[in-house]
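Subject: Model handover, with notes on pockets and a helix pair

Hi,

Here's the structure I said I'd pass on. Could you load it up and keep it open while you read the notes?

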Amino acid sequence: MSNQALQVLSKRRTQYALGRNVQASKEEITWLIQEAIRQAPSSFNSQSSRAVLLFGEQSEQFWSLTKQALRAMVPADQFASTEAKMDSFAAGIGTVLFYEDQDVIKGLQQGFPLYADAFPMFSAHSAGMAQYAVWTALADIGIGASLQHYNQVIEAQAAKAWNVPASWAITAQMPFGSNEAPIGEKSFIDDATRFIVAG
């Protein structure tokens, strides 16, 4: 059975070897990322996901700040691999910083107190779907990416550098660029382990 949606989903893979040989313009990529986030579902249609889009030197600056923060945390004799990883992220054309607006979540908790305890979990679901939507949309136009989580390491510095509202809580970072190395095949566990089909 062939399915166009599944064909698009199968293009999304982790890519660490990023470059700047991308045909799409900054404006086209910006529209794509924004539209992917707009179309991602959220509980009560709360639209709690937020994003900061960094291109070129701004993206490089983000990974430089992250590298500096990690240098204070990682033992010196182990830092070379960390530095190489940060440099590989900076080698792409951009980075998406994903956030969830906590004011939106608090508003939902106040408006629907019966579900108050569940809204942080619902927000995490919304964040994941927004990230997956962006990742898949980028992959569909031949742009590689990976999902990173240096959240507490870099949140304060990023907020200061890009005037991020105080109510936005960082959830992930997605460096992206051209695919500069082949992407390996994804392996799958046995269906019998993963699925139960009844009826």
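Ground rules before the details. It's a predicted model, with local features needing pLDDT of at least 70 and side-chain atom pairs counting only at pLDDT 80 or more, while totals for chains, interfaces and linings use all residues. Numbering starts from 1 along each chain as its sequence is written, and side-chain values use heavy atoms, with hydrogens and water left out.

The UniProt record (an unreviewed entry) puts "domain: Nitroreductase" at residues 10–177; its positions are in the numbering used here, feature names are shortened, and annotations may be inferred rather than shown by experiment. That span is 50% helix and 18% strand, and its end C-alpha atoms are 18 Å apart. Helices (H or I, at least four residues) and strands (E, at least two) are DSSP runs numbered from the N terminus.

Everything sits on a 1 Å grid over the protein atoms alone: a cavity is a set of points where a 1.4 Å probe fits but cannot get out, a pocket is an open set with protein on both sides within 12 Å along at least five of seven lines, and lining residues have an atom within 4 Å of a point. Points are joined across faces, edges and corners, and a volume is the space filled by probe spheres set on them.

The largest pocket holds about 220 Å³. Its lining has 14 residues, with Gln34, Ile37, Arg38, Ser49 and Arg50 nearest the centre. Helix H2 (26–39), strand S2 (49–55) and helix H6 (119–140) each supply at least two lining residues, and S2 gives the most, with 4. By class the lining is 6 nonpolar, 6 polar and 2 charged (Ala, Val, Leu, Ile, Met, Phe, Trp, Tyr, Cys and Pro count as nonpolar, Asp, Glu, Lys and Arg as charged, and the others, Gly among them, as polar).

The second largest pocket is about 160 Å³.

The largest cavity has about 30 Å³ of space, and its lining has 5 nonpolar, 5 polar and no charged residues. H6 gives the most here, with 4 residues.

Last, H2 meets H6 through Ile29, Leu32, Ile33, Ala36 and Ile37 on the H2 side and Ala130, Ala133, Val134, Ala137 and Leu138 on the H6 side (contact means heavy atoms within 4.5 Å). That contact has 10 nonpolar, no polar and no charged residues.

Cheers
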